[in-house]
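This report goes through one protein model, from a single side chain to the overall fold. The sequence and the structure are shown first.

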Amino acid sequence: TNDTESRIISDDLAALEQRKLSVLPTQRSKIYTMSRFEDKSIADISSELNLSHRTVENHLRIGRHEVREYIRQCI
């Protein structure tokens, strides 16, 4: 039962994360997704999107913060 409960909680958290991603600004959502789900480094994202390293860092920091706060409010 612990495995089942853990899986359900994990699925619920993933759904909340996806819901918040859908309302983030497009650029921020894309950067967050590339980092979190595609395991791309800031340098890779910066190069691929033709953005400065610092811009990618800022979008990623803000995106992570917004997702964490949203999930925290939902729990």
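Is K40 buried, partly exposed or exposed? K40 is partly exposed, since its relative accessible area is 25%, and the cut-offs for that class are 20% and 50%. The model examined here is a predicted one.

## Overall fold

The protein contains four helices and zero strands. In sequence order the pattern is α-α-α-α. Helix 1 covers residues 2-21, helix 2 covers residues 26-36, helix 3 covers 42-49, and helix 4 covers residues 53-74.

The C-alpha trace spans about 45 × 20 × 15 Å along its principal axes. Of the contacts between residues at least 6 apart in sequence, 51% join residues at least 24 apart. Buried residues account for 29% of the 75 residues.

## Helix 2 and its packing

Helix 2 has R28, S29, I31, Y32, M34 and S35 as its buried residues. These buried residues pack against helix 1, helix 3 and helix 4.

One of them, Y32, is also on the contact list of E17, a residue of helix 1. Leaving aside neighbours within four places in sequence, E17 touches Y32, R36, F37, V67 and I71. Of these, R36 belongs to helix 2. E17 counts as buried because its relative accessible area is 5%, under the 20% limit.

## Salt bridges

How many salt bridges does a search of the whole structure find? The search finds six. Side chains of opposite charge can pair when their charged atoms come close.

R36 and E17 meet through their side chains in a salt bridge, with an N to O distance of 2.7 Å. R36 is in helix 2 and E17 in helix 1, so the pair ties together parts that are 19 residues apart in sequence. The two partners fall into separate accessibility classes: R36 is partly exposed at 46%, whereas E17 is buried at 5%.

R54 and E57 form another salt bridge, and their closest N and O atoms are 3.2 Å apart. Both residues lie in helix 4, where a spacing of three residues amounts to about one turn of the helix. R54 is exposed, with a relative accessible area of 54%, and E57 is partly exposed, with 27%.

K40, the residue of the opening question, is partly exposed at 25%. E48 is partly exposed too, with 48% relative accessibility.

## Loop residues with positive phi

Which residue other than glycine has a phi near 50°? It is D39, and the value is positive. D39 sits in the loop between helix 2 and helix 3. Its relative accessible area of 70% places D39 among exposed residues, the limit for that class being over 50%.

N50 likewise has a positive phi, about 55°, although it is not a glycine. The loop between helix 3 and helix 4 holds N50. With a relative accessible area of 70%, N50 is exposed.

## Surface and charge

The accessible surface of the protein comes to about 5300 Å², and carbon and sulfur atoms make up 47% of it. A nonpolar patch on this surface is formed by I9, L13 and I75, which together have about 300 Å² of accessible area. I9 is placed in helix 1.

The protein carries 12 positive and 12 negative side chains. The centres of the two sets lie 7 Å apart.

Notes: Residues are numbered from 1 along each chain as its sequence is written. This is a predicted model: local features need pLDDT of at least 70, side-chain atom pairs count only at pLDDT 80 or more; totals for chains, interfaces and linings use all residues. Side-chain values use heavy atoms; hydrogens and water are left out. Patches are made of residues with over 30% relative accessible area and no salt bridge: like charges are joined within 9 Å, nonpolar side chains (Val, Leu, Ile, Met, Phe, Trp, Tyr) within 5 Å. Accessible areas come from the Shrake-Rupley method with a 1.4 Å probe; for residues, only the protein chains shown count as cover. A salt bridge is a side-chain nitrogen of Lys or Arg within 4 Å of a carboxyl oxygen of Asp or Glu. Helices (H or I, at least four residues) and strands (E, at least two) are DSSP runs, numbered from the N terminus. Buried means under 20% relative accessible area, exposed over 50%, partly exposed in between (1.4 Å probe, protein chains only). Contact means heavy atoms within 4.5 Å. Lys and Arg count as positive and Asp and Glu as negative; His and the chain ends are not counted. The place of a charge is taken as NZ of Lys, CZ of Arg, CG of Asp or CD of Glu.
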